[in-house]
Amino acid sequence: MKTVLITGASSGIGQQTAKYFSQNGWHVIATMTCFDHGKDTVGLPNVSSYIMDVSCSESIESAKAKIIANHKTIDVVINNAGIGYRSFVELSEDEKIKTIVDVNWLGVVKVCRAFIPVFREQRFGQFINISSIAGLVNLPLGSFYHSTKKAVESFSECMSYELMEFNISVSTVQFGNAPTAFQSHVVKSETGGVPSYERMMQKITGILHKKTKKNTNLTPKITQTLFGIANNPRTNFTRYTIGFDANAMNFLRSRLGYKLFNRIIRKSVLG
């Protein structure tokens, strides 16, 4: 039985991925910040749950010590934990910027840094870092979320060169808005009484919620793709894009160039 460690496994994509792996012959190390919020995950068969706050080095090291004491090998680490922040740059807040950077980017960095020695000693392992279509294209009100996801993309690719000699593979996975509670939990900035800001916030929020509701079959595609990646690690760094929205946006951005793509996005948001 292979073992996968999944961060942010209490709900959403993390919880569904834990469920899929556990139902298909893998042992799952599910990490989360609170067991009460992750009851649906904790109760799954073939799942061992641990408290881990990816934004805190001490929490990661504490969880790591317990994990390696209880598990002889770890085959895959899926860095899934993430949060959203939809904000105008002018009205952004230092603490909220720090939080999203600490979770979305530095959380991935710290978890990888903690488990690279485990993989090196084993002489094998795989990091699957969940990015987003936000890591490939730039969209309105995503200055901070997109920045963290682009950072995950760059970090992952750079790190992959360091780890090839140790039979440790690295990949990233991008997808659009899955029908989970993620969008409803996204922190949104105030609009400051600026009419154009108010219109843009309403427009973007409406578009994202509409997309989320339409993507009814995206979650199983994501969990199945992650399972396939875990079972077939590639030597070279690989990006996987899942779902119509993500693939379409990536295709348009690469084929049209940033000027025309930017014009289309402006028109769809500003009319």
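Helices here are DSSP runs of H or I of at least four residues, numbered from the N terminus. Keep in mind that this is a predicted model.

Lysine 98 is partly exposed at 46% relative accessibility, while aspartate 102 is buried at 15%.

Across the whole structure, a search finds four salt bridges. Another one joins arginine 239 and glutamate 153, at 2.6 Å from N to O. This pair links distant parts of the chain: arginine 239 is in strand E9 and glutamate 153 is in helix H5, 86 residues apart. Glutamate 153 is buried, with a relative accessible area of 2%, and arginine 239 is partly exposed at 38%.

Arginine 239 also forms a salt bridge with glutamate 157, where the closest N and O atoms are 3.1 Å apart. Through shared partners, Glu153, Glu157 and Arg239 are joined into one network.

Now to strand E6, residues 125-130. How many of its residues are buried? Six of six. On one side these are Gly125, Phe127 and Asn129, and on the other Gln126, Ile128 and Ile130.

E6 runs parallel to strand E4, joined by four bridges. With E7, E6 pairs in the parallel sense over six bridges. The chain gets from E6 to E7 through helix H5, in a right-handed β-α-β crossover.

Key
Residues numbered from 1 in each chain as written. Predicted model: local features only at pLDDT ≥ 70, side-chain atom pairs only at ≥ 80, totals over all residues. Heavy atoms only, no water. Buried < 20%, exposed > 50% of the residue type's maximum accessible area, 1.4 Å probe, protein only. Helix = DSSP H or I, 4+ residues; strand = E, 2+ residues; numbered from the N terminus. Pairing = 2+ DSSP bridges. Right-handed = clockwise from strand over helix to strand, strands pointing away. Salt bridge = Lys/Arg side-chain N within 4 Å of Asp/Glu carboxyl O.
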